[in-house]
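Open the model in your viewer and keep the selection tool at hand. The tour goes from stop to stop.

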Amino acid sequence: MGSFNTSFEEGFILVGFSDWPQLELIFFVFISIFYSLTLFGNTTIIVLSQLDPRLHMPMYFFLCHLSFLDLCYTTSTVPQLLINLSGFDRTISYGRCVAQLFIVLSLGGTECVLLVVMAFDRYAAVCRPLYYTTIMHPLLCLSLAIAAWVGGLMNSLFQASLMMAMPLCGLHYLNHFFCEMLVLQKLACEDTGGTEAKMFVARVIIIVIPAALILGSYAHIAQAVLRIKSMSGRRKAFGTCGSHLLVVCLFYGSAMYTYLQPLDSYSESEGKFIALFYTIITPMLNPLIYTLRNKDVKGALWKVMGRGRDLG
């Protein structure tokens, strides 16, 4: 028996998908492709947001932050997973595990808050269109973005510090492909009910409260849209919100299923596959969703591509 930062200093072995050896090569190929698409798609969103003046708006300012966040989130877990799947090295040092835990918690918490900020932006655009530019002042946008990053950081500091103080024992095997908090909690060898309760409350605050605020925003948006008499006006209003709402459903659906269930009910084998969804699939889909459903982004993309052909 020992604490997280003493008896496990030599590190951990990440089991990954080695218990399904027949799937490892398939996973390696597909995850490599998905990771490349994630890097390309999110980098494209960031570059377009900087190059095209039409995208110098609050919505795209926050979308740029979301794309940067997704780049960081996938890069904090996927390279380690690809090394694991290749069979070269399944170990992770204590320091890297702590760093990965902290980064994943921080980025996940930041996305929870950032999606609320983006919902507020859509609320202001649809429900207060005449005052939109006044409400979403650049200084307020910057402050909201900083608040999202600070909120994620504070969430990570709280939960990671509780996790590191938890006494762990047993084999140094983590049945996951990264240092997932719930898997580490399963290594606890003492009655840590009080600590688990605090961590669960923290997860409720960072997941449920933002989700409730988003639902409230979209309830007001739906009421405002239904008051619009023209069908073209309704379609335009729904179009500005549809992409964000789809991203919210994908992110919060997997987050709630994973982190709001009792620890005893958490299945590590099932959790690995769900984690693939929110660490790889969702970050890859986000730029695709916003590009396909957004005329401004598509227009900026065609403009840049056309300029590139002209230069060639």
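How do the residues of the lining of the second largest pocket divide into nonpolar, polar and charged? They divide into eight nonpolar, three polar and no charged. Here Ala, Val, Leu, Ile, Met, Phe, Trp, Tyr, Cys and Pro count as nonpolar, Asp, Glu, Lys and Arg as charged, and the others, Gly among them, as polar.

This is a predicted model: local features need pLDDT of at least 70, side-chain atom pairs count only at pLDDT 80 or more, and totals for chains, interfaces and linings use all residues. Residues are numbered from 1 along each chain as its sequence is written, and side-chain values use heavy atoms, without hydrogens and water.

**The pocket.** Select Leu37, Phe40, Gly41, Pro287 and Leu288, which lie nearest the centre of the second largest pocket among its eleven lining residues. (On a 1 Å grid over the protein atoms alone, a pocket is an open set of points where a 1.4 Å probe fits, with protein on both sides within 12 Å along at least five of seven lines; lining residues have an atom within 4 Å of a point.) Helix H1 (21–51) and helix H10 (268–292) each give two or more residues to this lining. Helices (H or I, at least four residues) and strands (E, at least two) are DSSP runs, numbered from the N terminus.

**The sheet.** Next, select strand S2 (residues 12–14), which two bridges join to S3 in an antiparallel run. Strands pair if DSSP finds at least two bridges between them. Ile13 stands opposite Thr91 in S3. The open sheet has three strands in the order S3-S2-S5, with mixed pairing. Strand S3 (91–92) and strand S5 (173–174) stand at the edges with a single partner strand each, so one side of each has no neighbour in the sheet.
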